[in-house]
Amino acid sequence: MNEKTPGNNPGTDAPDTPAPDTAARGASGSWSSKPEVDGTAPVTVPGLGLRGTLLFLWRQLTSMQTALILLMLLAVAAVPGSLYPQRSVNPALTDQFLEENGKWGEFLDALGFFEVFSSPWFSAIYLLLFISLIGCIVPRVGVHLRQLRSKPPRTPSRLNRFVGHTRVELPGADADTLLQQAQHALRRSRYRTEVREEAASRSVSAERGLLRETGNLAFHIALVGVLVCIAGGQMTSYRGQITVIEGTGFSNSLTQYDSFESGAWFDERDMPAFRLTLEDFRATYVQPGESGNVGEPRSFEADVAVTTPGDPERSQTVQVNKPLHIDGASMYLLGNGYAPEVTVTDPEGTVVAEGPIITVPMGDVGYTSQLVIKAPDARPEQTAVVGYFLPTGTIDEQGPHSLYPDSLDPQLALTVHQGDLGLDSGIPQNAYEVDVTTLTPVAGEDGTPVLIRLYPGQEFELPDGTTVSFDGLRRYAAFDIAHNPFERGILVSALVAAGGLILSLFVPRRRVWVRVRSTADGAVLEVAGLARSDDSTLEADVHALASKLSTAQDGPLAEDRSNDDERLPRAAKNSSEGSAQ
């Protein structure tokens, strides 16, 4: 490339234009100047100004390096969302973490670590990445489209500076025929070609690998698509959790959900109308003598019947990795447990609690589950029944616990407490927890709390006349119902991004030139190439093309590769390419 030195004309020592008044400019702040050294005039540099500063910041934001940094920051910022409980997913677990961690929990809460994906800092990274990608993609798309419509670059005057340069003298060869053969061979190799007339020769300029840039742009556009779909899903999606006991049903309305969360643009009228009944729940576990740890689950299956308006009832088995799909929602099997049927009567003989009671597994292999029954209508005092359900129960020095998760020997181990349950205060309470420290346990004649142990079909009467009976046993299943209208968009964008990344990594972009010059007794052939990135096969392909064109001609060959060592080093290839254009 021809470079010009500002302020100097060839053949004269006088500058083109007089130097500006640096003292005056320096005072105004529009120019910065360096002090005079060894009699050299000070160098003045124009200041950026507001417009220049904004342009500089925009270019920094829309650079590929910044986009990669923001993408990495987004991944790092998402880590706390998987390490700490999120208030939108499990508020109870979040409150428990705050209670257990005191000041540290309050500090994390102030930073938004329990609402990571809606926090200002996560949103800032997300939006900056979005703007950076768009600002990077838009100009590159225009440049790429112009490249697709343009012709291959002209043939450089000195091919011996490029990769694989080969010069072959072909006595008796016809230059036009040789040029046509070169163009045909390059087109068969999927090159775009252009024949150019030169002063004393003709050449074929060929280029291929634009699909590499297409894949690169497809990857970044798809990445923007993923961001848009994720944001759209967060605004329009909904997710709720339900617990259904065998033999009971669920209607898809907000009041039926145990917990529910939705985006800002969610409309309750968009929820699909359907009714679901849990007909049967089955679970299998590793038994003694089988391979694996005894008690580990093998399978969970929930047989459900679904009814939608205008359609007949249909049955389906929902499994952990096989959700139920309904128009506008998908239902996933999340958990399960036991629901013993318990009846509680107060001393006056009034039934104050009856039916299947959902128990909460405590996390051990045997499925030892906690049971809580609150009876605010009991008289003369409000009553709470607390204890454990044991699918295969035993009581030893470790206390009540289950030996195996299947209901081989179901039992209830309970205590009864009386007092004010605090339900009239108006403060919401967890239905599966009760603070027994504020209650008085029902005691026996010896003054110690009465411990109740029940098997199915048994009933126990306390000294004050309260009775508790274990009437039967059912299973329950916990489901997650979710709808995200942008799910398919995320999947398609992710697949396009993967495809574009593969193209950008494995499609080489290269240029090849063939020059043919007629001589008195034949023709001289020159072939060379240039790669935009590392391309270990380019040199061999250039030599193979030269050999193919040479062997297609009659007569002895005189090959000259003496100038191969004059090729540009790899670091200078891009500069040579710019000169070639």
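Author: What follows covers the fold as a whole and then some backbone details.
This is a predicted model, in which local features need pLDDT of at least 70, side-chain atom pairs count only at pLDDT 80 or more, and totals for chains, interfaces and linings use all residues. Residues are numbered from 1 along each chain as its sequence is written, and side-chain values use heavy atoms, with hydrogens and water left out.

Reader: How many helices and strands are there in the chain?

Author: The chain has 11 helices and 27 strands, taken as DSSP runs numbered from the N terminus (helices H or I, at least four residues; strands E, at least two).

Reader: And what share of the residues is buried?

Author: Of the 581 residues, 39% count as buried. Buried means under 20% relative accessible area, exposed over 50%, and partly exposed in between (1.4 Å probe, protein chains only).

Reader: Turning to the backbone, which peptide bond is cis?

Author: The bond from Arg-379 to Pro-380 is cis, with omega near 10°. Pro-380 sits in the loop between strand E16 (369-375) and strand E17 (383-390).

Reader: Where is Tyr-367 found, and what is its phi?

Author: Tyr-367 is in the loop between strand E15 (360-361) and E16. Its phi is positive, about 65°, although Tyr-367 is not a glycine. Most residues other than glycine have a negative phi.

Reader: Is Tyr-367 buried or exposed?

Author: Tyr-367 is buried, because its relative accessible area is 16%.

Reader: What about Arg-190?

Author: Arg-190 counts as exposed, at 66% relative accessibility. Arg-190 also has a positive phi, near 65°, and lies in the loop between helix H7 (175-188) and strand E4 (192-197).
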